[in-house]
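The exercises below ask you to read a structure step by step. Try each task before turning to its solution.

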Amino acid sequence: MSFRGVEQIMGLPISVDLRDGDAALAERAFAWLREADAQFSPFKPDSEVSRLDRGELTREELTPDLVEVLSLCDWYEESTGGAFTAQVPGRGLDPCAVVKGWAVQRAADILREGGASSFCVNAGGDVVTAGEPEPGKPWRVGVRHPDIADQLCVVLGVRDGAVATSALYERGQHILDGRTGRPVTGILSVTVFADDLAIADTTATAAFALGKDGIEWAAAQEECEVFIVDEDRRVFRSPGLPVHIC
Amino acid sequence: MKRAIPVLALSVAGLVPVWLYSPGPAHEGEISEVAAPETQAQTQAPKTTSAAPKTSGAAPTTQQQQQQTQQAQARTVNGPAVNTSEGTVQVQVTLQGNKITDVKAVRAPNSEPTRMALPILKQEALKAQSADIDTVSGATATSQGYKQSLQAALDGAQ
């Protein structure tokens, strides 16, 4: 009883590799992700986020889930001195940077609560794993080389952990420094390993937004291990990173 | 559930970024009070409404601090004693220039001074390779990018 499939949700290819669960369980995780997209997308006029942004909802009227997402946004904004923000001046509210990791982590929780103990979910390059793909072996998570699309720069060995990468190579300079509103420079790729994808993904994005200062900042996050490539192609790696091959 | 965030770990870890990016008025071995409300907020973990951090109004002066402290000697600074639901916490940070090289709790709820293992960064050269893998971490957002990605090849492999 296993399942493997990909769906395009939240604008992302989301792959589920479920070693001990069936298509019906995977569909529950996909269904949650579609719900999360409908609720949190700033690109959908009817979403809770869009309604809040238009002033049709007050903070008191929000669902606990959106309150949780906004609290995470606030915490990282505070922690980065505003480099990470869900509200770039002159633009609408956009909590996507937090929503993605948070929602995918919850999808993984749904799989786990449904009885699965061995799976890997990959949402646009952000990964949550559970258990082992086969006894005695970790999930081998390759980190894409920032310059060479079909090569890796490190392989992590992960059991019950999350890996997220923020990088410039595909979408152009898409991460803005909230302090200046300008695209961030200084780092090519930030990979963060943590127990929880909401933490890993947001830490990676926030580190990226800080530019070179993000290297030390991310390494200092207590629950995170990092692998960072700066624009001079130097690699910064914290010793606790679960390196499988490097 | 995995998503639960260990409360105390977060409160201590949170101090580090706050101090790294502490506002201008913090000078010469003194941590301003700005860290305090942040710490109290963080003892709740950033998951609930009540945990929404109180605004410190901290303006980023990292660049400035770096310039000022680039050549500085090692120095230690004590943070404010913060009352948390677990007890009083006070952390001492050792800085080498603008880099934090050590953090230890000088007052912790269990009274024993505890040392926090800070990840010390190692620097190395970027390498490229191929290897057997189960999945790929990377910033893959567009469908075109996905089609050409290693991950797509893996997804289609079975």
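This is a predicted model: local features need pLDDT of at least 70, side-chain atom pairs count only at pLDDT 80 or more; totals for chains, interfaces and linings use all residues.

Residues are numbered from 1 along each chain as its sequence is written, chains are lettered from A and ligands numbered from 1 in the order in which they are written, and side-chain values use heavy atoms, with hydrogens and water left out.

**Exercise 1.** Describe how H1(A) and H4(A) cross.

Solution. Two packed helices are described by the angle between their axes and the distance between the axes. Helices (H or I, at least four residues) and strands (E, at least two) are DSSP runs, numbered from the N terminus. The axes, lines fitted to C-alpha atoms over the stretch in contact, with angles from 0 to 180 degrees between N-to-C directions, come within 9 Å and cross at roughly 155° for H1 (residues 23-40) and H4 (residues 96-113) of chain A. The pair is therefore roughly antiparallel, a term for angles over 145 degrees. Contact means heavy atoms within 4.5 Å, and the residues that make it include Trp32(A) and Phe40(A) of H1(A) and Trp102(A) and Ile110(A) of H4(A). By class, the contact residues divide into 14 nonpolar, no polar and 2 charged, where Ala, Val, Leu, Ile, Met, Phe, Trp, Tyr, Cys and Pro count as nonpolar, Asp, Glu, Lys and Arg as charged, and the others, Gly among them, as polar.

**Exercise 2.** Locate Asp196(A) and decide whether this residue is buried or exposed.

Solution. Begin with the chain: Asp196(A) sits in the loop between strand E10 (187-194) and helix H5 (197-209) of chain A. Next, its relative accessibility is 5%, so Asp196(A) counts as buried (under 20% relative accessible area, with exposed over 50% and partly exposed in between, for a 1.4 Å probe and protein chains only). Finally, a polar atom of the Asp196(A) side chain lies 2.6 Å from the backbone nitrogen of Ala198(A).

**Exercise 3.** Find where Met10(A) and Arg233(A) lie, and give the phi of Met10(A) and of Arg233(A).

Solution. Most residues other than glycine have a negative phi. Met10(A), in the loop between strand E1 (3-9) and strand E2 (12-18) of chain A, has a positive phi near 55°. Arg233(A), in the loop between E11 and strand E12 (234-237) of chain A, has a positive phi near 65°, and at 36% relative accessibility Arg233(A) counts as partly exposed.

Technical notes
A polar contact is a pair of N or O atoms within 3.5 Å; within protein, one must be able to donate a hydrogen and the other to accept it, and residues adjacent in sequence count only if both atoms are side-chain atoms. Angles under 35 degrees count as roughly parallel, over 145 as roughly antiparallel, 65 to 115 as roughly perpendicular and the rest as oblique.
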